[in-house]
Amino acid sequence: MNTNRTLPRGAALAATAVAAGLALAACGSDNTTNTAGAAPATTTAPAPSEADRHNQADVTFAQGMIPHHRQAVLMSDMVAAHGTSPDVKALAERIKKAQAPEIETMSGWLKAWGEKVPIGVSMDGMGHGDDSGMPGMMDDRDMDRLGNARGNAFDTMFLTMMIEHHEGAIAMAKTEKQQGSYGPAKALAGDIITSQTAEITQMRNMLKTG
C-alpha cells in the first residue's frame, strides 16, 4: 500500500480502499457466488417418484391379486388337516410361502398410491370368495366343498381347484403385463406367470399319477 511514494499516504490509502471495494463488489459479498451476467434460472417440475408412475391397470392388478392370493393361502391351509399326499402338502406349503410376501408387497404399493387395500378374500372387503370378476376365484360353495372333503378326495379336489385358481392368476398377470405401467408390478406379474405355470404342470402330473 505504500509503494506509490509520489502520492500522499492518505490519498494512497483512499485509492486502495476504493479499488478493493470495487473488486469485492465484482466478486460478490458475504461469501456468495457472483451471478452477474448469468442466465436466468429456470424452474423444472420434479420428476414423479417411482410410486407415482402407475396407472389404473396397476391398481386393478394389485387389488385383484391380493384377495386372489389370500384365497390360495386359505385353500393351502386346509391341506395339512384334510389332505393325505405328502407331495400335495409340500406343494401347499410352497404356495403359502410364495404368496404371503407378494400380498405384503402389493399392499404396500396400494398404500403408497392412496388406494384401498382389500380386506379378506374379496375386493369388496366383505370377506366372501365370490368375486366373479376375478378369473379362477372360488365362490363360497366351492370353498365349502373343499373344506368338507377328506383324504384322497380332498387331494384331488384341491389340485383341480388350484389349477383353475392359478390359471385365473396367470390371466390377471398377463393383463398387467400388457396394460400396466408400474415396473415392479409388471415384474411381479412375470414372476407369477412363470412360477404358477410350472406349478400347474406339476399339479396336472400329480393328478395323472394319482
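This is a predicted model: local features need pLDDT of at least 70, side-chain atom pairs count only at pLDDT 80 or more; totals for chains, interfaces and linings use all residues.
Let me begin at glycine 151, which touches His82, Gly83 and Thr84, leaving aside residues up to four places away in sequence; touching, or contact, means heavy atoms within 4.5 Å. Between the C-alpha atoms of glycine 151 and serine 85 there are 8.1 Å in space, although the two residues are 66 apart in sequence. Glycine 151 belongs to helix α5.

Residues are numbered from 1 along each chain as its sequence is written, and side-chain values use heavy atoms, with hydrogens and water left out.

Now the overall picture. The chain contains six helices and zero strands, where helices (H or I, at least four residues) and strands (E, at least two) are DSSP runs numbered from the N terminus. Of the 210 residues in the chain, 36% are buried. Here buried means under 20% relative accessible area, exposed means over 50%, and partly exposed lies in between, with a 1.4 Å probe and protein chains only. Taking contacts between residues at least 6 apart in sequence, 72% join residues at least 24 apart.

I turn to helix α3, which covers residues 86–113.

At the start of α3, the backbone nitrogen of aspartate 87 has a side-chain oxygen of serine 85 within 3.2 Å. Just after the helix, glycine 114 adopts a positive phi of about 75 degrees.

Which elements do the buried residues of α3 pack against? They pack against α2 (56–82), α5 (151–179) and α6 (183–209). Among the buried residues of α3 are Val88, Leu91, Trp109 and Trp113. Alanine 90, also found in α3, is partly exposed, with a relative accessible area of 43%. Its C-alpha atom is separated by 9.8 Å from that of serine 76, 14 residues apart along the chain.

Let us look at α3 and α5 together. Their axes come within 11 Å and cross at roughly 35 degrees; axes are lines fitted to C-alpha atoms, for helices over the stretch in contact, and angles run from 0 to 180 degrees between N-to-C directions. The crossing of α3 and α5 is left-handed, that is, the near helix is turned anticlockwise from the far one by less than a right angle. From α3, Val88, Leu91, Ala92, Ile95 and Gln99 meet Asp155, Phe158, Leu159, Met162 and His166 of α5. The residues of this contact comprise seven nonpolar, two polar and one charged. In this count, Ala, Val, Leu, Ile, Met, Phe, Trp, Tyr, Cys and Pro are nonpolar, Asp, Glu, Lys and Arg are charged, and the others, Gly among them, are polar.

Helix α6 contributes methionine 203. Is methionine 203 buried or exposed? At 0% relative accessibility, methionine 203 counts as buried. Methionine 203 touches Leu91, Leu159, Met162, Ile163 and His166, again not counting residues up to four places away in sequence. Its C-alpha atom lies 8.0 Å from that of threonine 160, 43 residues apart in sequence.

Finally, the loop between α3 and α4 (140–148) holds valine 121. Valine 121 is buried, with a relative accessible area of 9%. The C-alpha atoms of valine 121 and glutamine 71 are 5.7 Å apart, with 50 residues separating the two along the chain.

Note on methods:
The expected span of a helix is 1.5 Å times one less than its number of residues. A polar contact is a pair of N or O atoms within 3.5 Å; within protein, one must be able to donate a hydrogen and the other to accept it, and residues adjacent in sequence count only if both atoms are side-chain atoms.
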